[in-house]
Amino acid sequence: MLRHVSSSHKDSPTLKFLVDGMLGSLATKLRILGFDSIYDRNSVDAALIQIVKKDGRTLVTSDQELSLNAKRMHLSVILITKTNDRARLVELCRQAGFKKLDLTVMSRCSNCNSNLIETYEQDKFGRKVLRCETCAKLYWKGSHWKKLDELFSEVNRELNSKRTNKHITASSSSTKD
Ligand SMILES: [Zn+2]
């Protein structure tokens with residue numbers, strides 16, 4: 001009976017993020033992947049902590065001190081140390097426990113974090129067009145989408161290779177007899 005707007009997207013991720021002001025481009029990518037991601041360019045640390053507490057979000061930050069403070073308060077936090085989005089996404093996935101990134105649905109506006117709704121319109125190539133319910137930005141799977149898909153595939157490859165390495169190390173050290 002309670003129907004959430006995005007309930008049609010069965011793969012919509014459930015983890016919610018609050019991304020700090022230095023990681024705007026990462027916040028955009030997380031939204032494209034369907035994650036509810038608030039990005040705050042101006043808030044001071046105390047305000048960010050408040051939102052994380054109140055909203056049950058995971059703080060994503062490159063600020064070591066802020067990360068430590070959040071951990072001391074037993075809040076969920078992911079510390080980002082890398083400088084490009086591919087490496088940052090790998091870092092985030094490892095800490096969040098994601099095995100892979102999935103870019104199969106368009107469910108969230110990269111601009112304002114609101115849900116996308118179907119317009120029943122198509123672009124000139126017959127691709128489905130979606131519209132943000134808040135800022136009205138239009139979305140379709142064009143060339144930009146292809147580039148993102150490649151980026152996320154690279155991230156997945158890296159996650160996969162790291163996991164394999166880890167698996168080998170784990171199994172060779174567990175010598176039960
Ligand atoms: Zn929007």
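Predicted model: local features only at pLDDT ≥ 70, side-chain atom pairs only at ≥ 80, totals over all residues.
**Entry 1**

I started with the strand order. I found an open sheet of four strands, running β2-β1-β3-β4, with parallel pairing. The edge positions go to β2 (37-40) and β4 (77-79); each has a single partner strand, so one side of each has no neighbour in the sheet.

**Entry 2**

Which strands does α2 touch? I got β1 (17-20), β2 and β3 for this helix, which covers residues 45-55 and packs on the sheet. The direction of α2 makes about 170° with that of β1.

Then I turned to α3, residues 64-72. This helix lies across β1, β3 and β4, and I noted an angle of about 155° to β4.

**Entry 3: α2 against α3**

I wanted the geometry of this helix pair. Two packed helices are described by the angle between their axes and the distance between the axes. For α2 and α3, the axes come within 11 Å and cross at roughly 40°. That makes α2 oblique to α3, since angles under 35 degrees would count as roughly parallel. I also noted the hand of the α2 and α3 crossing, which is right-handed.

Which residues meet here, in α2 and in α3? From α2 I listed Asp45, Ile49 and Val52, and from α3 Leu66, Asn69 and Ala70. By class, the residues of this contact come out as four nonpolar, one polar and one charged.

**Entry 4: two positive phi values**

I went looking at backbone angles in the loops. His74 sits in the loop between α3 and β4, and its phi is near 60°, positive although the residue is not glycine. Is His74 buried or exposed? I put His74 down as exposed, because it has 7 C-beta neighbours inside 10 Å, and 12 or fewer is the cut-off for that class.

Asn113 is another non-glycine residue with a positive phi, near 75°. I placed Asn113 in the loop between α4 (85-96) and β5 (116-122). Asn113 counts as buried because 20 other C-beta atoms lie within 10 Å. The cut-off for buried is 20 or more. So my note on the pair reads: His74 exposed, Asn113 buried.

How values were computed:
Residues numbered from 1 in each chain as written. Pairing = 2+ DSSP bridges. Contact = placed C-beta atoms within 7 Å. Axes fitted to C-alpha atoms, helices over the stretch in contact; angles between N-to-C directions. Parallel < 35°, antiparallel > 145°, perpendicular 65-115°, else oblique. Left-handed = near helix turned anticlockwise from the far one by under 90°. Nonpolar A, V, L, I, M, F, W, Y, C, P; charged D, E, K, R; others polar.
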